[in-house]
Amino acid sequence: MLEKSFSPAEAEARLYAIWESSGAFAADPTSDADPFTIMIPPPNVTGSLHIGHALTFTVQDALVRFRRMQRRDTLWQPGSDHAGIATQMVVERLLAAEGTSRKQQGREAFLDRVWQWKAESGGTITRQLRRLGASLDWPRERFTMDEGLSRAVRRVFVEMHGQGLIYRDRRLVNWDPAFQSAISDLEVESREMDGSLWYIRYPIEGVPDRFITVATTRPETLPGDVAVAVNPEDERYRDLIGRHAILPLVGRRIPIIADGYSDPEKGTGAVKITPAHDFNDFAVGQRHALPMPSILDRQAGFVIDEIAGEMRAVEGIADPAYLTRLAGQDRFAVRAAIVAELERLDLLVQVERHRNQVPHGDRSGVPIEPLLTTQWFCNAAELAKPAIRAVEEGRTVFVPRQWENTFFAWLREIEPWCISRQLWWGHRIPAWYGPDGQVFVAEDAAGAAALARTAYGTDEVLTQDEDVLDTWFSSGLWPFSTLGWPDQTPELARYYPTDVLVTAFDIIFFWVARMMMMGLHVMGDVPFRTVYIHGLVRDERGQKMSKSKGNVIDPLALIDQFGTDALRFTICALTGPGRDVKLSPAIVESYRSFVTKLWNAARFCEMNGVAPVPGFDPAQVKLPLSRWLLDSANVAVAEATAALDAYRLNDYAAACYRFTWNTYCDWFLEFAKPVFAQGESPEASEIRAVAAHVLGTILRLLHPAMPFVTEELWGAFGFGAEGTLIRAPWPKPAAAAEAEAARAELDWIVGLITEVRGVRSEMRVPPSILAPILLRDADAEALARAARWEDTIRRMARASEVRPLEGEAPAGSAQAVLGPITIVLPLAGLIDLGAERVRLEKERAKALEEARKVQAKLSNESFVSRAKPEVVEENRERLAGFTAEAARLEAALGRLG
RNA sequence: GGGUGCGUAGCUCAGCGGUAGAGCAUCGCCUUCACACGGCGGGGGUCACAGGUUCAAUCCCUGUCGCACCCA
């Protein structure tokens, strides 16, 4: 016997263990079934399961379970990435708490410590994914720093270096002073800040008392200025072009140049140019072949080494000793000092309050400093071309389609990708330097040594590049490195390209684009055929969840409270393509009712002897009720399948919900009750068999969304051994015999019951009072149906009997119109005849209003002549229907007296 | 500033040329032997606004307003 209620916690742990230990999640490379592959977007090894994970992994698991049931050889590849910066931060914090540091420990000891941390704490999210029911092929779990994946990284690096797609360059990069590492454009977020715009006047060389005033948000970079730029069209400054200004505080002469970058409308129309500390200025500097002295170091402290030689004292304008004293100070202290000195020298014209966008490191949270350094770059523009083409040609398709524009927009104007990071945790760059600085790129030290021997003719001491690669470099290889590449494994041949990548839009640039570029370059084919982009999880007010807002919802807390199935079904029900999901505990609680409803329906079945019948053939059923249910189930199966095929999880959930609750529970089981009450009869045994069959269909349909409760019921009913629903075949529609007739009959019964219930409820007849149902103007077929279903009608419509009306309707009856029939409910003394008159008049008015609208349409000459004939015909029928209904209601009113 | 998406019942959303729908919430009745995490019934919408196309517009087009997000 099923327990009175479902206990999620107990069932989840038990069933997951059965699935996992029985190998139910395992892909089978030797299978001859069609493969279906999803690569997990590898979560950070430092991560723990948050609600966004719950969304994306629920979607993935639902798709995987669906395809597995469709007999596909399913590989859902698990794993995590090493999260260079995040992980290094975590371990550095640990060291700090122990009173030591990364630098004190040294590289090797530090890396040992990170691996130790990973072993102890790194598996959090993989444990949590099991609670979500995720059916990942765990024995295949990979980590981006695994030896195999590291080998793939080295191989790709070496190959691409050989092809000129990876190179060293001295460029301006986004420098994170907190991490003291370069970061990529994507790891920078601009934040709007309250700042100031400082107007500073620079004296013009050789023109006493003439100044040019520049406006800047970053006065601290002034010592690095190498020019003042004005727009060539700007009349105000035309005569100054070609002259020189004297750089305040420094004393160096800098040219006044003409460049379109300078916007006459902004500030004063004259801008200071600091190529080593601003991306726009860097471009100007390149155009005009200007020097690029740096005045900030890796800690964003002030340094004068590169300008010291050109500092000179100029009376009232520059004093080298002042700048020298500032050396070593932080950029913000230097800003204050420089502003103060300019003010003292009367070179500060004014200060305006100014809102500006300040780039910040997305992880460190500190302002980013553009810094001129030598780094490794990847020629992303070149790699982007095949990726763009693949999407243009539909070899990879985004769902929903509009995200392709986002993808294109970013790839079409992509900058070189800075792939080196000044960190220790990550894939060390496979480049070695000879004594003269010559670089040798090889997969290992021996390979580099061989190259060096060829170059030098002797064995020289080589030192490996200190830096590591951007984590996304290894993540970009994920779809094939996890399958064994560079080895040509059976898995690689079978599962690449993968079928679908599931992720949120915020990761299109970071990861999707990089996998596309790397996959096409290395494998010569797209990494996935479909990219399904889902929304983000928000709170019930639509706000993005964040720790600082305090509105985060912990998925594990929801699971503890309501069960995994409730959370998963909620997510499915709310996940339309590209739609954000607004989640709250209350909504999960309300969907838990559905889990409970399913459980109770099954329990009711069990109590009534419903059990799977071996060899049951749906095509052989005779009763209209059986045929109607099977036909309805076919519709549900078709809807659910189509919705999952189209990644419409919400439609899938709704189709299952509707069929289970509104059809199976509300009508079918109610209709079945009188039959079950008969005990043993051929009729009852057919209904029991059909009930079991369709319950099995429901369990299979719902399994991708609610794996645990469905699996539990599957086992309890003996549809299969415990834990085998996960591998049961996905249901297919199977035509029910004479479904049309069955549907007509059941629809009529449903209509009759609904009408009677409505009248009784509106006339406030208590359910305890039974009243006859008298049918006026009913034809033989209707009367036969009423007779066949009398028990059911009596039960569900609170009727004492159902029979044709003979003679006149008893005085004081309530009436309702059902097609050509008028339903008469003799309730003299029980109802308020005035209220009944009002009710009937309202009904009649409604029918007349509808008839009037349709009539108006049909009276329109151009409608009749220009609309499609079937639409015109349809409206003629509607008019006839409403007119007849109004007439019957009119007659009913007449009978009221 | 450029782009994308969205404004439909109190809330969350579906519909997308011809009858405006669901879930939740709400109201009324019902402790009927699966389920009160329930059953039955009801109310509730000038489909943001203004033009246009069309026999017909919530749906297509244009513009306006509002909200959200992305990029600069």
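This is a predicted model: local features need pLDDT of at least 70, side-chain atom pairs count only at pLDDT 80 or more; totals for chains, interfaces and linings use all residues.

Modeller: Residues are numbered from 1 along each chain as its sequence is written, chains are lettered from A and ligands numbered from 1 in the order in which they are written, and side-chain values use heavy atoms, leaving out hydrogens and water.

Colleague: How far apart are the end C-alpha atoms of helix H3 (residues 84-97)?

Modeller: Helices are DSSP runs (H or I, at least four residues), numbered from the N terminus. The expected span is 1.5 Å times one less than the number of residues. H3 has 14 residues and should therefore span 20 Å, which agrees with the distance between its end C-alpha atoms, 20 Å.

Colleague: Which residue just after H3 takes a positive phi?

Modeller: The phi in question is about 80°. The residue is Gly99.

Colleague: Which helix gives the largest share of the surface near RNA strand B?

Modeller: Helices supplying at least two residues each include H22 (649-677) and H20 (585-607). The largest share, nine residues, comes from H20.

Colleague: How far is a polar side-chain atom of Lys597 from a base oxygen of RNA strand B?

Modeller: A polar contact here is a pair of N or O atoms within 3.5 Å. For Lys597 and the base oxygen, the distance is 2.9 Å.

Conventions: A polar contact is a pair of N or O atoms within 3.5 Å; within protein, one must be able to donate a hydrogen and the other to accept it, and residues adjacent in sequence count only if both atoms are side-chain atoms.
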